Amino acid sequence: QVQLVESGGGLVQAGGSLRLSCAASGRTFSSYAMGWFRQAPGKEREFVAKITWSAGSTYYADSVKGRFTISRDNAKNTVYLQMNSLKPEDTAVYYCNTEVVGTRGMGVWGKGTLVTVSS
């Protein structure tokens, strides 16, 4: 059974940085792109970034391009999200997903990790 565990969230001031991790267990994910999504209070969940396991190709939402970097460690089945120059509007619960098709999460969801950016 696939399980995802996100970590690394917390409270940070605007302009600061955080690094999120998503550790996957239960199977390998070499055929899929894994990715990050976020859901702010009162808003729908939205796509943030994704990375393919095989080629390491990346894709970002316009709102985070140039500030966030997604990476992965295949040996550890772990995906990371380095978030720099954080803004209050980045405040959200961040989730990872095992199978991102386009900008839709089609696979297993983690429970999320809360990121709060203070102004």
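Which strand order does the open sheet of 6 strands have, and what kind of pairing? The order is E2-E12-E9-E4-E5-E6, and the pairing is mixed. Keep in mind that this is a predicted model, in which local features need pLDDT of at least 70 and side-chain atom pairs count only at pLDDT 80 or more, while totals for chains, interfaces and linings use all residues. Residues are numbered from 1 along each chain as its sequence is written, and side-chain values use heavy atoms, leaving out hydrogens and water.

**The whole chain**

- The chain has 0 helices and 12 strands; these are DSSP runs numbered from the N terminus, with helices (H or I) needing at least four residues and strands (E) at least two.
- The radius of gyration of the chain is 13 Å, close to the 14 Å that the globule rule gives for 119 residues, so the chain is as compact as a globular protein of that length. This radius is taken over C-alpha atoms, and the globule rule is 2.2 Å times the number of residues to the power 0.38.
- The C-alpha trace spans about 40 × 25 × 25 Å along its principal axes.
- Buried residues make up 42% of the 119 residues (buried means under 20% relative accessible area, exposed over 50%, and partly exposed in between, with a 1.4 Å probe and protein chains only).
- Of the contacts with a separation of 6 or more, 53% come from residues 24 or more positions apart (contact means heavy atoms within 4.5 Å).

- E4 and strand E5 (residues 46-52) run antiparallel and are joined by 6 bridges; two strands pair if DSSP finds at least two bridges between them.
- Met 34 has Ile 51 in E5 as its bridge partner.

**The sheet of 4 strands**

- Another open sheet, of 4 strands, has the order E1-E3-E8-E7 and antiparallel pairing.
- Its edges are strand E1 (3-7) and strand E7 (68-73), each with a single partner strand, so one side of each is left without a neighbour in the sheet.
- E1 pairs with strand E3 (residues 18-25) in the antiparallel sense over 5 bridges, and Leu 4 has Ala 24 in E3 as its bridge partner.

**Aromatic rings**

- There are 4 aromatic pairs (rings of Phe, Tyr and Trp, the last by its six-membered ring, pair if their centres lie within 6.5 Å; planes under 30 degrees apart count as stacked, over 60 as edge-to-face and the rest as tilted).
- The ring centres of Phe 37 and Trp 109 are 5.0 Å apart and the planes stand at 70°, so this pair is edge-to-face.
- Phe 37 lies in strand E4 (residues 33-39) and Trp 109 in the loop between strand E11 (104-105) and strand E12 (113-118), 72 residues apart.
- Phe 37 is buried, with a relative accessible area of 3%, whereas Trp 109 is partly exposed at 32%.
- One aromatic cluster is formed by Phe 37, Phe 47, Tyr 59, Tyr 95 and Trp 109.

**Charges over rings**

- Arg 45 has its charged end over the ring of Tyr 95, 3.9 Å from the centre (NZ of Lys or CZ of Arg must be within 6 Å of the ring centre and within 35 degrees of the ring normal).
- Arg 19 lies over the face of Tyr 80, at 4.0 Å from the ring centre.
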